[in-house]
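Student: I would like to go through this model by asking about it step by step. Can we begin with the folds and then turn to the contacts?

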Amino acid sequence: MATKKLAFIVRSLPYKTEASRLALTHAIASQTVEIYLNDGDLVEASVSYVGDGVLNCLKGQQGMKHYGITTIEGHAKNSLLLDMRVLICKEDLDKFGLTEDNILMDAEDIGGETKANVVSYGEIQKEMDAATHILVC
Amino acid sequence: MGKLTIGTFSSLVGSLSLDFSVKLAEAAVKKGHKVDFWMSGNATMLAKKGQKAFKDYSFLAKPIQELIATGNFQICACEACAEARGYHKEDCPDGFIRKSMDWYLASTFDADRVLHIGGD
Amino acid sequence: MKLAVLMSDYRNGIDMIDRLSAESLGIILVGNGVYHAAVKEGGKTSSLLDKKANFYALTEDFETRGITAANLDSRVKAVNYGDVVDIIFNDYEKVVWI
């Protein structure tokens, strides 16, 4: 029995490319990975937003309204609903003048109990240190 | 010998990052390592048969078939990403597989190294 | 951690590398990242090379771009794909692509 930790690090801006969306959908896929593994083995994913990547966390995204596609916000909410560990870099939020009021912090409206964590970059570094593999998107 | 899992989002045409990952896979297999190769997003363009070689564009079908023939290389495309682009099961080249994203995450479980190319 | 960074960009990504902390850091310049090894913008070498790290540049990629091994900064070692495989398997525990 073993657990492998994957740290998804989102640094790209949303929508123009698919990178941040794919980071989230891949991370969420960790929920069904057991079908390929031996009993007791796990792959645990966390998602950390750094640099420009913190802009993926803005609330009120309206991709469905304008382009008919799901929002990054919706995927981020699903990751919280699935109790994934979500870290958002405080220094980078500060750089953009953003606070917790501006960004998606929870998925309470869809029944989620886990909250996103606004943390210093040092905590995200620790997340990378603790990970088995790091996946930058 | 170890196992390298490569995951990439980069497109076949328009970026050389996919070429990089195939060449790295070739070098790793040549050294006796096993390689799992995952494509999602635009990288699924590689999982479309019938590609023609033009000197202005990357052409990776031949090295991929040679890698598959070694028996130490698995290549898998994200099924949803491929379908979204109109690449269906019958379009998949011989030796390629198509799975959901959890295949990739499972591959990382026993990988010694993971190289994730999360952009073009 | 012992971390190998495959740096594939010239204009972006230094901010990410600047913040990374690793007990052992290897920076492998690939793709457009190879320009860090040779270009002197405004007469200055890339600030990336001031990072405490082992630097490598992929021969196939710098030669593709018209750069020769003789043009590389003395801190950068020319490597091929086989070398990259050995470096990431033998010298580092984790690999990231920027």
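Tutor: Start with a definition: helices, of at least four residues, and strands, of at least two, are DSSP runs numbered from the N terminus. Keep in mind that this is a predicted model.

Student: Which pattern does chain B follow, read along the sequence?

Tutor: Take the elements in chain B, which number 4 helices and 5 strands. Reading along the sequence puts them in order, and the pattern of chain B is β-α-β-α-β-α-β-α-β.

Student: What is the radius of gyration of chain B?

Tutor: The C-alpha trace of chain B spans about 35 × 30 × 25 Å along its principal axes. For 120 residues the globule rule gives 14 Å, and chain B comes close to that, so it is as compact as a globular protein of that length. The radius of gyration of chain B is 13 Å.

Student: Is Ala82(B) buried or exposed?

Tutor: Ala82(B) is found in helix H3 (residues 79–84) of chain B. A residue is buried if 20 or more other C-beta atoms lie within 10 Å of its own. Ala82(B) has 24 other C-beta atoms within 10 Å, so the residue is buried.

Student: Now chain A. Which pattern does chain A follow along the sequence?

Tutor: Chain A has 5 helices and 5 strands. Along the sequence they give the pattern β-α-β-α-α-β-α-β-α-β.

Student: What is the radius of gyration of chain A?

Tutor: The C-alpha atoms of chain A fill a box of roughly 45 × 35 × 30 Å, taken along the principal axes. A compact globule with 137 residues would have a radius of gyration near 14 Å. Chain A agrees with that, at 15 Å.

Student: Why is strand S1 of chain A largely enclosed by the rest of the structure?

Tutor: S1(A) covers residues 3–10, and it is largely enclosed because of how many of its residues are buried. The count is 6 of the 8.

Student: Which strand does S1(A) join through 8 bridges?

Tutor: S1(A) pairs in the parallel sense with strand S5 (residues 133–136) of chain A over 4 bridges, and there Ala7(A) stands opposite Ile134(A). The 8 bridges lead elsewhere, again to a strand running parallel. In that pairing Ile9(A) stands opposite Ser48(A). The strand is S2 (residues 42–49) of chain A.

Student: Through which helix does the chain cross from S1(A) to S2(A)?

Tutor: This β-α-β crossover is right-handed. Its helix is H1 (residues 19–28) of chain A.

Student: Which element gives the largest share of the side of chain A that touches chain B?

Tutor: The contact takes 23 residues from chain A and 17 residues from chain B. S1, H1 and S5 of chain A each supply at least two residues of the chain A side. That side divides into 13 nonpolar, 7 polar and 3 charged. The largest share, 5 residues, comes from H1(A).

Student: And which element gives the largest share of the side of chain C that touches chain B?

Tutor: Here 11 residues of chain C are in contact with 17 residues of chain B. Helix H4 (81–91) and strand S5 (94–97) of chain C each supply at least two residues of the chain C side. The division is 8 nonpolar, 3 polar and no charged. The largest share, 6 residues, comes from H4(C).

Conventions:
Residues numbered from 1 in each chain as written. Chains lettered and ligands numbered in written order. Predicted model: local features only at pLDDT ≥ 70, side-chain atom pairs only at ≥ 80, totals over all residues. Contact = placed C-beta atoms within 7 Å. Nonpolar A, V, L, I, M, F, W, Y, C, P; charged D, E, K, R; others polar. Buried ≥ 20, exposed ≤ 12 C-beta atoms within 10 Å, placed from the backbone. Pairing = 2+ DSSP bridges. Right-handed = clockwise from strand over helix to strand, strands pointing away. Rg over C-alpha atoms; globule rule 2.2 N^0.38 Å.
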